[in-house]
Amino acid sequence: MGIKQTIRARAQAGLTSFGLSVVLPIPSVIELAVKAGYDFVRIDCEHSYMSPAELRGLLSTARLLGIPCQVRTPDVANLTPLLGQEPAAIMIPHVGSAAYARQIVDSCKFAPLGTRGMDAGTRSIRCGGMSREEYMSCAAQTQDVIVQIESRSAIQYIDEILSVEGVDMVATGRADLSQELGVAGQKDHPDVIEAENFIIQKTMEYGKIPTITADTAQRVQQMYEMGVRCFLVGKDENLLDKALKKNLREKACVNLG
């Protein structure tokens, strides 16, 4: 698949990885992320719309540049063709039960862990010369399942969810947690941070890899000390917005007489 080391393997080795959330369907964003030194990118198809052609272009760019490219998708519908494009991970939001976690694993993993459909259309078979057996073994090592815990019910059933074999990584969702906890929009409220810390602790207790969004260097440091090694540290659109405003402020402040 062209990826030298997966984010899961990096975390297991104690290496820190920093990722960029991608909502703009522009391949040059992936190129710029690689140039800047990000370790992975995550295409967000839950909160942004991308056509299949746009998504394929981003995944192809990431593959050619050798950067792990995860995809967050709203649900398990139509996962088979997406998996055939060989993302580094599939991330599913709003996982509130062990039954749903098992459904996700079934959709994403080949036997014996799951029941993912198999044909010869995956890129590593069609373009890389792998046999079906070789690809199935490769996919088990390089395609991860990420479940997002972001509700009261998910926290209530977190032990059952994290007991599901085939769940590799766990994300949180502080915005949705803030709504669930009665402090809507207050992502840094102490109750929200306490809930996120609990999810992280449980994730590590079950031997899964936490992959957490961090808005500040201070929060990165706090979670690093808890054992987190995989961080999402920015969104392309927000970073572009800040850079454009900063550029205008700097240029417009000169005395043009």
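Guide: The close look comes first, and the wider chain follows.

This is a predicted model: local features need pLDDT of at least 70, side-chain atom pairs count only at pLDDT 80 or more, and totals for chains, interfaces and linings use all residues. Residues are numbered from 1 along each chain as its sequence is written, and side-chain values use heavy atoms, with hydrogens and water left out.

The part is helix α7, residues 132-142. Helices here are DSSP runs of H or I with at least four residues, strands are E runs of at least two, and both are numbered from the N terminus. The buried residues of α7 are Tyr135, Cys138, Ala139 and Thr142. Buried means under 20% relative accessible area, exposed means over 50%, and partly exposed lies in between (1.4 Å probe, protein chains only). Seen down the helix axis, the buried residues of α7 fall within an arc of 100 degrees, so they line one face. That arc is taken over the directions from the helix axis to the C-beta atoms. An α-helix has 3.6 residues a turn, so residues three or four places apart point the same way. On the other side of α7, Glu133 and Gln141 are exposed.

What lies over the buried residues? The cover includes α1 (7-12), α4 (79-84), α6 (123-126) and β5 (144-149). Contact means heavy atoms within 4.5 Å.

Two of those elements lead on to Cys108. Cys108 sits in helix α5 (residues 98-108). With 6% relative accessibility, Cys108 is buried. Not counting residues up to four places away in sequence, Cys108 touches Leu79, Leu83, Ile90, Arg116 and Val145.

Next comes Arg72, in strand β3 (residues 69-72). Arg72 is a buried residue, at 12% relative accessible area. Its contacts, leaving aside neighbours within four places in sequence, are Arg42, Ile43, Asp44, Cys45, Glu46, His47, Met91, Pro93 and Gln148.

Now the surface. Val34, Leu64 and Leu65 make a nonpolar patch of about 280 Å². Patches are made of residues with over 30% relative accessible area and no salt bridge; like charges are joined within 9 Å, and nonpolar side chains (Val, Leu, Ile, Met, Phe, Trp, Tyr) within 5 Å. Areas come from the Shrake-Rupley method with a 1.4 Å probe, and for residues only the protein chains shown count as cover. Leu64 belongs to helix α3 (residues 52-65). Its relative accessible area is 76%, which makes Leu64 exposed.

Charged pairs come next. A salt bridge is a side-chain nitrogen of Lys or Arg within 4 Å of a carboxyl oxygen of Asp or Glu. By this rule there are 15. One of them joins Arg219 and Glu196, at 2.8 Å, N to O. Arg219 is in helix α12 (residues 217-226) and Glu196 in helix α11 (residues 190-205), so the pair ties together parts that are 23 residues apart in sequence. Both partners, Arg219 and Glu196, are buried.

Helix α11 also holds Lys202 and Glu205, 3 residues apart, about one turn. Their side chains form a salt bridge at 3.8 Å, N to O. Lys202 is buried at 15% relative accessibility, whereas Glu205 is exposed at 55%.

Helix α12 also carries Met226. Met226 is partly exposed, at 26%. Beyond four places in sequence, Met226 touches Asn197, Ile200, Gln201 and Met204. Met226 and Ile200 are 8.1 Å apart, C-alpha to C-alpha, and 26 residues apart in sequence.

Another salt bridge pairs Asp241 with Lys245, with the closest N and O atoms 3.2 Å apart. These two are 4 residues apart in helix α13 (residues 236-252), about one helical turn. Asp241 is partly exposed at 34%, and Lys245 is partly exposed at 47%. Elsewhere, salt bridges with shared partners join Arg174, Lys187, Asp188, Glu196, Asp215 and Arg219 into one network.

Last, the whole chain. The protein chain has 13 helices and 8 strands. Of its 257 residues, 47% count as buried. Among contacts between residues at least 6 apart in sequence, 61% join residues at least 24 apart.
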